[in-house]
Amino acid sequence: MTNIFEVTHRDAAARIGKLSLDGGLSTPAIIQPWKKDGFIVDSGSLWGKTAIPEKTQEKIIILPHKSAPLHTREEIVKGLADSVSSDETLLNTDELEAHTGLVVHPLYQQLPESDLYVLGAAKQLENNPRAFVDSIINIRENTKSGSILYVPSLSKPENLAMIVYIGADLVDDTLPVIKGYQDIYLTTSGEFHLDRMHEFPCPCDVCSAAVPEKLLKLPKKQRAELLSRHNSFALSSELSAVREQVRAGSLREYVERQCRTRPWLTAVLRLLDSEYSFIEKRTPVFRSATLYANTSESMNRVEIKRFAERVLERYTPPDLDTLVLLPCSAKKPYSVSLSHQKFINALGKYRKFVHEVIITSPMGIVPRELELMYPAAHYDTPVTGDWDAEERAWVGGCLKSYLQKNKYTNIIAHVEGAYREICESVEEETGIGFVYTVDDGVLARTSLNNLKDAVFGLDNGKKRSGDETKLDIMRVAADYQFGKGAGRMLVPGDGIVRAPYPKYQLFSEKKQLATLIPQYGTLALTIEGGMMLRDWQGYSVTIGDFIPRSTILAPGVIEADPQIRPNDEVIVKGDKIFGVGRAAMSGWEMKESARGVAVELRHSKKIG
Amino acid sequence: MSLTTVVREIRGRQKVSSSPTGRPTAVWTGKDVLDLEEIPAFTIIFQTSGCRWNNCTMCGYVYDSAQTPQSHDDLMKQFEYAMSQCRDDEIIVKIFTSGSFLDDSEISSKTRIEMLTRLDADERVKKVIAETRPEYVTPDKLSECTTVFGKPFEVAMGLETSSDMIRKDCINKGFTFSDFTSSSDIAKKKGISTKAYLLLKPPFLSEGTAIYDMVNSINETAPYAGTISMNLCNIQRGTLVDEMFERRDYRPPWLWSAVYVLEKGKASNPDTIILSDPVGAGSKRGPHNCGKCDKDVAEAIRIFSVTQDTGVFSNLYCECKELWEKVVELEEFAYGSYLVK
């Protein structure tokens, strides 16, 4: 096991990496292991001709193997694996000092440490979503994150996005070539038989030079070569598109549409969503791209679930008696939308006495203080007024759990339509009564007057000042990011928030502690802010006895909180420095990675 | 031993219907070559108690055997029935038992001697070929045969491949290449010739590896066998191969692969008779190409088997041959799956 691979971009399980062999190869990549001059060389089946190349330094050698089909019985797979590991002719491969790859059976895996894992019999995973998901998750979860995963003979333009989404680093164009020899034309939206096509929807040199009719008349060999060339081109073109999606942080949206080409791919998406921890532990805390919740699967995204989870577990509402439930708005953050401006006006001077929570699909519920927090202000969803049963159940469930945990004396629901129906079902399930204030549209004068009337006279209850509300925003952001209680530690009694919404800055005794980054709604700490949290247990990264510059590389990390996700704000503790920064990878990955940036250090100071 | 356990388990689940006694499992007349001349080959498959080994991954012949041990009289009744079916004046007789002709537990010495004695007396019979596993090819057994049968005699052994690793991992045959060569040497000393059966594409091999295995096997077997017959793996009920086929884990070989191997094998071993009977050719459960050319290619293989002239292959072409070439090139890199049905 050597350090030849570095992951440079992560988007959940998908990753872009750099293989530093002979000039470098950027992954995910399409390889051709049958070519002896490539990076990855197959030394062959033990049943056939095995040959280990002589010059191995700049290559990854797939060790001789005995590969079995997908459904081969466990005892046979194990028997074959044992006979390979006890094969005397292979004993000298240890002395190769080469980077090595192992072929792994998809169901019965043995995973000794290796640079590369080849998913055996992967072709049979097509139309077998459960085995596809399980086999890849099992490899990923039981090998180091710096190892490379090669999924052979499965990729086609239609499924490549999913294969990358689940975490493959290498694929090949075996199927595109073979399909070309079967007169099958591949596109991202599926397979077409050449003799049923009328025009080519592709600008590659093959397609722009011919029409299907003409191609059909060519001799088989020539036709097959041309079709294969198009098919391979279509695969590499799709790979570029997918890589761009990874870089942009929008692969999920891409996969949600692309998986519709085949039912098995849609099934893969759903199964993967049910493997929450596998995806969650790789998902950044924020992305720069807008989250599009366009499909029924969008609701199951890690970002949505994680937000709901943290609202329940990390969020503490202000000590107020009255809750006002409001509908979401298209414009984000909600409070700058026209509708919310009208709600706020209607609340008027009584706003200090109420706690505002927004009901929304697919986010569930968003407390006003968290409306900037990713993805509350970063999503878009088709609005028709009709909510399906899953949406209702999800949003209703979020509201119900929230109300069971957090008690209010009065609940005013300024909502209509599906929002109201959800509220009514929650009322029924919890026995908590709501006051409804909407007559004929949430923005109708009568409705707004009802809202006004409902809060009128609350001024003898608990209240929260404007300054306190601003501090609360900083506190709940800190709790959301670092865990419940961190806000109290970060925001001192004499804390004060400066600068206009939403560019809040937290000060204490003229020292700045943190800034609310309006783009993501997260807090960025200053050194002083970090010092406030120095005794906080979570989200810290311990490094050794050295003074880092602007980045901390993974090998320098001694300890890292496993809760840390890419883009998390972290506190860096070293023998010689104390600092704050942004995580570039998950905490668990920092600990096991031999390469790559772990933390982008923002501020640091020398200590000791 | 794990393959044995699996094969046994599969065998245990089969429902076997009993066939009438007093009749051989099958009798038919095919073609073969004797002294460079075409001659009818009269094939008898006796219904015995079956193969004592009975652990091979591709073999379903066990279901043709009798449920009870066959007495001398039973077997002679089968023999007489069989010989009554013969319509030719000159024949070679091929004896199979779904096991080993030389295994006393299937066919007693007494029965074997009587059969061979009668065949020796039968003027139509020019040669006898009998199939057996190598462990039963002993000097004593052979002497027993040659004493009563003076015409050309040949033992046919299912070597399957010259690779001990493939024979063990993929076929579970239970003997080694050197077991085969010793038996061949023993036979040679008794003036008995050897025929070797090879198997194109046992389970687990890619198309390319299967071809490579056969080309090697022909070259390595030729010194020990005057005749090499290559079986093209087909799906027999109640076998591991059958289970794998049903799970889409196994595809029988392409007929193009057989053609390629026969051409290569013959070119390197011009003095060896190399043949193949493409049983089940063109069906999904047998060796097949695209469906359009299967008949022609199978027929060419049959013609070659009689004429030994590879020229019969030179004008064979179908568009699917291009696909087959790609499959041969790339299937190895699917690491366990086949690429094209």
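## What lines the largest pocket

Let's start with the largest pocket, whose lining residues divide into 19 nonpolar, 17 polar and 14 charged. Keep in mind as you look around that this is a predicted model.

How much space lies in the largest pocket? It comes to about 1400 Å³. There are 50 residues lining the largest pocket, and the closest to its centre are Tyr61(B), Phe96(B), Tyr197(B), Asn231(B) and Val279(B). As for how such spaces are found, rolling a probe the size of a water molecule over the atoms shows where empty space is left.

## Which elements supply the lining

Several elements of chain B each supply at least two residues of the pocket lining, including strand E1 (26–34), strand E2 (37–45), strand E3 (91–96) and helix H10 (294–307). Which of them gives the largest share? That's H10(B), with 6 residues.

## Over to chain A: strand E28

Now hop to chain A and find strand E28 (residues 577–583). Is this strand mostly covered or mostly open? Mostly covered: 6 of the 7 residues in E28(A) are buried.

E28(A) pairs with strand E27 (residues 569–573) of chain A, and the two run antiparallel, joined by 5 bridges. With 3 residues between them, E27(A) and E28(A) form a hairpin. To trace one bridge yourself, go from Glu569(A) to its partner in E28(A), Arg582(A).

E28(A) also pairs with strand E29 (residues 597–606) of chain A, again in the antiparallel sense, over 7 bridges. Here you can pick out Val580(A), whose bridge partner in E29(A) is His603(A).

Key
Residues are numbered from 1 along each chain as its sequence is written. Chains are lettered from A and ligands numbered from 1 in the order in which they are written. This is a predicted model: local features need pLDDT of at least 70, side-chain atom pairs count only at pLDDT 80 or more; totals for chains, interfaces and linings use all residues. Side-chain values use heavy atoms; hydrogens and water are left out. Buried means under 20% relative accessible area, exposed over 50%, partly exposed in between (1.4 Å probe, protein chains only). Helices (H or I, at least four residues) and strands (E, at least two) are DSSP runs, numbered from the N terminus. Two strands pair if DSSP finds at least two bridges between them. On a 1 Å grid over the protein atoms alone, a cavity is a set of points where a 1.4 Å probe fits but cannot get out, and a pocket is an open set with protein on both sides within 12 Å along at least five of seven lines; lining residues have an atom within 4 Å of a point. Grid points are joined across faces, edges and corners, and a volume is the space filled by probe spheres set on the points. Ala, Val, Leu, Ile, Met, Phe, Trp, Tyr, Cys and Pro count as nonpolar, Asp, Glu, Lys and Arg as charged, and the others, Gly among them, as polar.
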